[in-house]
Amino acid sequence: MALVTFSGYPSSGKTHRAIQLKEHLERRLSYNSQELKVVILSDDSLNIDRSSYDDSRSEKSARASLFAAMQRQMGRDTILIVDAPNYIKGFRYQLYCAAREFKLRVCTVYVVATAELCRRWNSERPDGRGYNAETLDNLIARYEEPSSMVRWDSPLFTIPWSESDVPIDSIWKAVTEDNVKPPNVGTQAVPKAPSDALHTLEHVSTLVVSAIMAEQGLSGASGGRITLSLSETLKPGVTLPARSLTLSELQRMKRQFVTVQKKAITLGTVEKGKVDWSEESVANKFGDYLSENLKG
């Protein structure tokens, strides 16, 4: 249903605000008899230690774990609260794109506290889960503040440390009433080629070459449009030049065609997202390729 992304300095009170928000949302959902659940996803819930932020490699792994868990939890029956530093705007954009792909409403909660307060609260944590002092300063220095001017941080709700509670009325409206933005090309999953696409590509293009050589042996080098009978259902057309084609020339054209199509298989998409690796499609594509590239 919705994704609520928390952001703020480490030890700025994000978890406290996330719990406040969860309690408010659950109370309102019960009043409205809505069969929805509110879930908080955090480093603590995933057992990600604060030491993961001590170096870039372990931090990258921690973010990947958080993102994967978020994708598993997202759903049309869930208000998901991501309680993590989320201090990199590129990562917040990644969360936003995932939410759009699932057709969820989104909003960002920016928990504000001064650097000095965060250092003090970090050192006073009773559970011993504080950040290393050097790591804390490094994360604060690298923090990229959310902005209501960019779509992945909007709508943005800013909560200073001096406020006693979260702006539940505004957040409730954002997660239950705001328009759901549909996925666009940048947020949709890329269609993938089937696992046997490469085999189909090699097999069918070889059949086409063999069929052209056989047809040339029967009818000569008259050229023009011909239909190749590769099987009962596979009959691609190709326009040939009015000259004799050698096997080496056709094999060279085949290698060029296969190389181009291999790139499409690797990228997973071709022709503006349309993927068709059936034998008929490959045969027709190769026939068109030969028609355009064989010189008279």
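Modeller: Ring pairs link Tyr9, Tyr110 and Tyr143 into a cluster. This is a predicted model, in which local features need pLDDT of at least 70 and side-chain atom pairs count only at pLDDT 80 or more, while totals for chains, interfaces and linings use all residues. Residues are numbered from 1 along each chain as its sequence is written, and side-chain values use heavy atoms, with hydrogens and water left out.

Biologist: Why is the pair of Tyr9 and Tyr143 called edge-to-face?

Modeller: The ring centres of Tyr9 and Tyr143 are 5.3 Å apart and their planes stand at 85 degrees, so the pair is edge-to-face.

Biologist: Why is Tyr143 called buried, and what is Tyr9?

Modeller: Buried means under 20% relative accessible area, exposed over 50%, and partly exposed in between (1.4 Å probe, protein chains only). Tyr143 has 12%, so Tyr143 is buried, whereas Tyr9, with 22%, is partly exposed.

Biologist: Why is the pair of Tyr110 and Tyr143 called stacked?

Modeller: The ring centres of Tyr110 and Tyr143 lie 6.0 Å apart with planes at 20 degrees, so this pair is stacked. Both Tyr110 and Tyr143 are buried.

Biologist: How do you know that Asp54 is partly exposed?

Modeller: Asp54 has a relative accessibility of 42%, so Asp54 counts as partly exposed.

Conventions
Rings of Phe, Tyr and Trp (its six-membered ring) pair if their centres lie within 6.5 Å; planes under 30 degrees apart count as stacked, over 60 as edge-to-face and the rest as tilted.
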